[in-house]
Amino acid sequence: MAASNPPTEIEKQKIFDMAEKEMEYRVEFFNKLTGTCFNKCVEKKYKEPELYMGENTCIDRCVSKYQQVTNIIGQMLANGRRPI
């Protein structure tokens with residue numbers, strides 16, 4: 001059994017940079033998702049402090065579709081295909 005070598009400083013920096021980019025991507029994804037679904041599903045004039053059933057349903061569907069489309073595009077890019 002070969003002993004694994006600890007990562008070098010350069011490898012640690014690459015890992016950190018990748019984690020930082022992943023976090024930036026996730027924050028951007030969340031911000032776009034919430035902005036898009038909020039603008040699409042929530043009425044501009046707030047009548048009540050809670051979301052009503054129609055808004056909840058719309059948000060559930062919006063989030064689901066947004067995630068599905070993002071996954072499809074990611075898979076296409078990973079396979080070297082250009083999204084339509």
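A residue is taken as buried when its relative accessible area is under 20%, and at 7% relative accessibility Cys41 therefore counts as buried in this predicted model. Cys41 belongs to helix H1, whose buried residues are Phe29, Leu33, Cys37 and Cys41. An α-helix has 3.6 residues a turn, so residues three or four places apart point the same way. The buried residues of H1 pack against helix H2, which covers residues 53–78. Helix H1 itself runs over residues 9–41, and its 33 residues reach 47 Å from the first C-alpha to the last, close to the 48 Å expected at 1.5 Å a residue.

Two disulfides are present in the structure. In one of them Cys37 is joined to Cys62, with an S to S distance of 2.0 Å, and because Cys37 lies in helix H1 and Cys62 in helix H2, this pair ties together parts that are 25 residues apart in sequence. The torsion about its S-S bond is about -90°, so the disulfide of Cys37 and Cys62 is left-handed, and both of these cysteines are buried. The other links Cys41 to Cys58, their sulfur atoms being 2.0 Å apart; since Cys41 lies in helix H1 and Cys58 in helix H2, the parts tied together here are 17 residues apart in sequence. The link of Cys41 and Cys58 is likewise left-handed, with -65° about the S-S bond. When the bonded cysteines of the protein are numbered in sequence order, the pairing reads 1-4, 2-3.

An unreviewed UniProt entry places the feature "domain: Tim10-like" at residues 16–78. Over residues 16–78 the chain is 83% helix and 0% strand, and the end C-alpha atoms are 22 Å apart.

Technical notes
Residues are numbered from 1 along each chain as its sequence is written. This is a predicted model: local features need pLDDT of at least 70, side-chain atom pairs count only at pLDDT 80 or more; totals for chains, interfaces and linings use all residues. Side-chain values use heavy atoms; hydrogens and water are left out. Helices (H or I, at least four residues) and strands (E, at least two) are DSSP runs, numbered from the N terminus. The expected span of a helix is 1.5 Å times one less than its number of residues. Buried means under 20% relative accessible area, exposed over 50%, partly exposed in between (1.4 Å probe, protein chains only). Contact means heavy atoms within 4.5 Å. UniProt positions are given in the numbering used here, feature names are shortened, and annotations may be inferred rather than shown by experiment. A disulfide is a pair of cysteine sulfur atoms within 2.5 Å.
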